[in-house]
Amino acid sequence: MKYAISTDREFLLPASRRFIFASFIVAVLLEWLPWHGWALVVRPDFVALLLLYWCTHKPHRVGIGIAWVLGILVDVADASLFGQHALAYSVLAFGGLVLNRRVQMFNLREQSVHVFGLLLVSYAVYALVHWQVRGFVVWEYFVGSLTSALLWAPLTLLIQTLRRPRRNPNEL
Amino acid sequence: MLEDTRALHFFNRGPSSVARLVFFSILSLLLLFVDARYRYLESTRQIIAIIIYPLQRLTALPGELWRDTAEYVSLQSHLVAHNEQLRLQHDADAARLKQFEALLNENAQLRALLEVKQRVDYTVRGAHIVYLERDVFKRKLLVDIGEKAGALAGQAVVDNQGVVGQITRTFPWLSEVTLVTDKDNVVPVQVVRNGLRAAVFGSGNIGEMELRYQPVGVDIEVGDELVTSGLDGTYPAALPVAKVVRIERDPAYPFAQIVCVPLAGVDRHRTLLVVAAESSLPPRPQEEAAMDGPRGKRMVRRGAR
C-alpha cells in the first residue's frame with residue numbers, strides 16, 4: 001500500500017491534551033448540526049469515529065471512561081435514554097483498546113474494515129437497547145456505521161496531518 | 001516533545017480495560033433502567049442540557065444565518081408581489097373572521113341557552129424550530145419555547161394546517177416535541193363528515209398514520225378529514241390532524257386497515273404554534289379507565305409527565 005501509515009512513526013506523533021479535547025468538541029458540534037431526513041440516516045457518527053481514533057492511537061490518554069462521559073453528553077443532546085450512547089461508546093472504546101496493537105499493522109483500507117466491524121457492534125448495542133425499551137428497530141440506522149467506516153481513512157489522514165509538527169521555515 | 005508511547009500496560013494503570021468495560025457497562029445499564037422505568041434523572045438531564053445549550057445553539061447558527069441571508073437578498077419585486085398577495089389574503093381572512101365572530105357570539109348564546117359548558121379558550125404562541133429530529137429512531141423536534149416562556153409538557157403543537165405533535169419534555173429554554181407520526185403515538189380524533197370517534201396511531205413514518213380498531217363496515221371514506229375530538233383533554237378539540245388516503249376492507253380480518261396522511265407539514269416549517277389549553281376536564285373516574293381496556297390505557301398521554 002502507498003500509505004506509510006502502518007510505520008510506527010505515525011503512532012509516535014505527539015498529541016496534546018488540548019488537541020484531543022478540541023477534536024472532541026469539533027466532533028460533537030458536527031454531530032449536533034441540524035441534520036434531518038436522509039442526511040440524518042447517512043450521518044456518520046463523528047464522535048464514535050474520533051473516539052475510536054484516539055483509542056487506537058493514544059490508548060493511554062483516551063479510554064472507556066472518556067467514552068462513557070461523551071456518551072452521556074450525546075444522550076442528553078439527542079434526547080435518547082440516559083446511558084444508551086454511553087453503553088455503545090464504552091463497548092466501542094473497549095474494541096478500540098483491544099485493537100490498538102493490531103491496527104498499527106494494517107494499512108488504511110484494512111483498518112477501515114476493522115473499524116466497520118467495531119462500529120457495527122456499537123450500533124447494534126444501541127439498537128438492541130432501543131429494541132428492548134421501545135420494542136422496534138429502525139434498520140436504516142445501520143447505514144450510519146457504513147458511512148462512518150468510509151470516513152475513517154479521510155479522518156485518519158486529516159488528524160495525522162494536524163498532529164505532524166510544522167516544518168521549521170528556516171530549514172532548506 | 002517526548003510522548004509516552006509504551007505498549008498498553010494494564011497493571012500499572014489501575015484496573016484492566018475489561019474491568020473498566022464491565023464497570024461502565026453496568027453503570028450505563030443501571031442508568032438506562034432507572035431512566036426508562038422511573039424517570040428519576042430528569043433534573044440531571046436538565047442541568048446537562050443547560051450546560052450544552054449554548055453549544056447547541058451554535059450548531060444551529062449556520063443554517064439560520066444562511067436562511068436569513070437568503071431572505072435578506074430576496075428580490076424587491078418578489079417581496080412586493082408577496083406583500084400584495086398577503087394583503088389580499090388578509091382582507092379575505094378579515095371578512096371571514098367577522099363572520100366567524102358573529103357565529104362565535106351566536107354559538108355562545110346558544111350554548112348559554114342550552115346550558116352547555118363553554119368550550120375552553122386557548123392561547124397560541126409562535127415557536128421556532130431549533131432542531132429537527134435528532135435520531136433516526138425518534139422523530140422529535142426541539143422548539144425555542146421552554147419553561148421560562150411557560151411551556152408545559154402536554155401542550156399541543158400545531159402549524160397552519162394541523163396538529164404537528166405535543167410537547168413531551170421541557171427544558172428551561174427548549175421544549176421537545178413528539179410528532180403525531182411517532183411510532184404508536186395516539187391522537188383521539190373525530191371524522192368531520194359524520195362525527196365518528198376514533199383513534200389515529202402514528203406509524204413511525206413521517207408521511208403516514210393509521211386508523212386502527214375500526215370494524216370492516218365502518219363509515220369512513222377516502223378523503224375524510226380527521227380532527228381532534230378533544231376527548232381525554234390531551235389536545236384541544238377541532239384541530240385538523242389527518243386525511244384518509246387508503247382503506248382496505250378485508251372481511252378476513254376483524255378490523256379495516258385505514259391509512260391516513262398527516263395534514264400538518266411536519267417537515268416543512270420553521271415556525272410552529274404552541275397551543276396552551278386550559279384543561280378543565282374533571283379527573284377521569286377510576287372504574288371507567290379500567291373498563292376501557294388496553295386502548296384506554298394507551299390514550300393516556302405518552303411521555304407527558
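Modeller: Let us begin with Pro172(B), which touches Ile50(B), Gly146(B), Glu147(B) and Lys148(B) when residues up to four places away in sequence are not counted. Contact here requires C-beta atoms, placed from the backbone, to lie within 7 Å. This is a predicted model, in which local features need pLDDT of at least 70 and side-chain atom pairs count only at pLDDT 80 or more, while totals for chains, interfaces and linings use all residues. Residues are numbered from 1 along each chain as its sequence is written, and chains are lettered from A and ligands numbered from 1 in the order in which they are written.

Biologist: How many residues apart in sequence are Pro172(B) and Ile50(B)?

Modeller: Pro172(B) and Ile50(B) are separated by 122 residues in sequence, and their C-alpha atoms are 7.4 Å apart in space.

Biologist: Where is Pro172(B) found?

Modeller: Pro172(B) is in the loop between β4 and β5 of chain B. Helices (H or I, at least four residues) and strands (E, at least two) are DSSP runs, numbered from the N terminus.

Biologist: What joins β4(B) to β5(B)?

Modeller: Five bridges join β4(B) to strand β5 (residues 175-179) of chain B, and the two run antiparallel. Two strands are said to pair if DSSP finds at least two bridges between them. The pair forms a hairpin with four residues between β4(B) and β5(B). Within it, Val177(B) in β5(B) is opposite Ile167(B).

Biologist: And β3(B), how many bridges join it to β4(B)?

Modeller: Strand β3 (residues 156-158) of chain B is joined to β4(B) by three bridges, again in the antiparallel sense. β3(B) and β4(B) also form a hairpin, with four residues between them. Ala156(B) has Gln166(B) in β4(B) as its bridge partner.

Biologist: Is β4(B) mostly covered or uncovered?

Modeller: Strand β4 (residues 163-170) of chain B is mostly covered, with eight of its eight residues buried.

Biologist: Which strands of chain B close into a barrel?

Modeller: Six strands do so, in the order β6-β7-β8-β11-β10-β9 of chain B, with antiparallel pairing. From one strand to the next, the twist averages 40 degrees. Axes are lines fitted to C-alpha atoms, for helices over the stretch in contact, and angles run from 0 to 180 degrees between N-to-C directions. As one part of the barrel, strand β9 (residues 225-228) and strand β10 (residues 240-248) of chain B pair over three bridges in the antiparallel sense. Glu225(B) is opposite Lys243(B) in β10(B).

Biologist: How many helices and strands does each chain have?

Modeller: Chain B has five helices and 12 strands, whereas chain A has nine helices and zero strands. Of the 305 residues of chain B, 28% count as buried; for the 172 residues of chain A, the figure is 44%.

Biologist: Now the helices. How do α4(A) and α6(A) pack?

Modeller: Helix α4 (residues 46-57) and helix α6 (residues 84-103) of chain A pack at an angle of about 40 degrees, with their axes 7 Å apart. They are therefore oblique to each other: angles under 35 degrees count as roughly parallel, over 145 as roughly antiparallel, 65 to 115 as roughly perpendicular and the rest as oblique. Their contact has 10 nonpolar, three polar and no charged residues. Ala, Val, Leu, Ile, Met, Phe, Trp, Tyr, Cys and Pro count as nonpolar, Asp, Glu, Lys and Arg as charged, and the others, Gly among them, as polar.

Biologist: How do α5(A) and α1(B) cross?

Modeller: Helix α5 (residues 64-78) of chain A and helix α1 (residues 17-37) of chain B have axes that come within 9 Å and cross at roughly 20 degrees. That makes α5(A) roughly parallel to α1(B).

Biologist: Which residues meet there?

Modeller: Ile64(A), Gly65(A) and Trp68(A) in α5(A) meet Ser17(B), Arg20(B), Leu21(B), Phe24(B) and Ser28(B) in α1(B). By class, this contact has four nonpolar, three polar and one charged.

Notes. A residue is buried if 20 or more other C-beta atoms lie within 10 Å of its own, exposed if 12 or fewer, and partly exposed in between; C-beta atoms are placed from the backbone. Two residues are in contact if their C-beta atoms, placed from the backbone, lie within 7 Å.
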